[in-house]
Amino acid sequence: MLTSVDTDLLKVLADPLRLRIVTLLAHETLCTTHLVEETGARQTNLSNHLKVLRDAGVVETEPCGRFTYYRLKPEVLDALAGQFAGLAATARAHADSKRSC
C-alpha cells in the first residue's frame, strides 16, 4: 500500500517542470545554468522547484565553486517503483477476486 510519504513524492513528481528536471538529471549531473538552458524556465522558478526536489530527497547537491550541481538519487525512484511493482503484483494475484454487493 502507498503511504502518505509516497503520495507526497508523487505530488512532487507530478509537476511537469519537476518531472522534466528529473528526466534531465537521469542523464547527467547538471548545474542550475544548464537546467535553465534546457528547460527555458526562469532561474528563480527553477530554484524553487529544485528546492522542492531537494527537500523531497529526490536530488542531492554538489557545490563546485560558485555553481551548485544537482544529481538525481535513483534509489528514491527505485523505492517508489518497487511500491508500484508491489501493487501490480497484488492486482495480478487478486485479478479474479470480486466482492459481492
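This report walks through the sheet, the helices and the nonpolar core of a predicted model.

## About the model

Because this is a predicted model, local features need pLDDT of at least 70 and side-chain atom pairs count only at pLDDT 80 or more, while totals for chains, interfaces and linings use all residues. Residues are numbered from 1 along each chain as its sequence is written, and side-chain values use heavy atoms, with hydrogens and water left out.

## The sheet

Let's start with the strands (E runs in DSSP of at least two residues, numbered from the N terminus, as are helices, which are H or I runs of at least four). Three of them form an open sheet in the order β1-β3-β2, with antiparallel pairing; two strands pair if DSSP finds at least two bridges between them. β1 (30-31) and β2 (59-64) are the edge strands, each with a single partner, so one side of each has no neighbour in the sheet.

β3 covers residues 67-72 and is joined to β1 by two bridges, with C31 opposite Y69. Six bridges link β2 to β3, and here C64 stands opposite F67. β2 and β3 make a hairpin with two residues between them, and G65 in that turn has a positive phi of about 65°.

Helix α2 (residues 16-27) lies across β1, β2 and β3, at about 90° to β3. Axes here are lines fitted to C-alpha atoms, for helices over the stretch in contact, and angles run from 0 to 180 degrees between N-to-C directions.

How do α2 and α4 pack? Their angle is about 75° and their axes are 10 Å apart. That makes α2 roughly perpendicular to α4, a term for angles of 65 to 115 degrees. In this contact (heavy atoms within 4.5 Å), L17, R18, I21 and V22 of α2 meet N45, L46, H49, L50, V52 and L53 of α4. By class, seven of these residues are nonpolar, two polar and one charged.

## The nonpolar core

In soluble globular proteins, nonpolar side chains tend to be buried together. The largest nonpolar core in this model has 20 residues, and I21, L25, L35, L53 and V58 have the most contacts inside it. Such a core is a set of buried Ala, Val, Leu, Ile, Met, Phe, Trp, Tyr and Cys residues joined through side-chain atoms within 4.5 Å, where buried means under 20% relative accessible area (1.4 Å probe, protein chains only).

α1 (4-14), α2, α4 (43-55), β3 and α5 (74-93) each supply at least two residues of this core, and the largest share, five residues, comes from α2. Leaving aside residues up to four places away in sequence, L25 touches L30, L35, V59, Y70 and L72.

Note on methods. Buried means under 20% relative accessible area, exposed over 50%, partly exposed in between (1.4 Å probe, protein chains only). Angles under 35 degrees count as roughly parallel, over 145 as roughly antiparallel, 65 to 115 as roughly perpendicular and the rest as oblique. Ala, Val, Leu, Ile, Met, Phe, Trp, Tyr, Cys and Pro count as nonpolar, Asp, Glu, Lys and Arg as charged, and the others, Gly among them, as polar.
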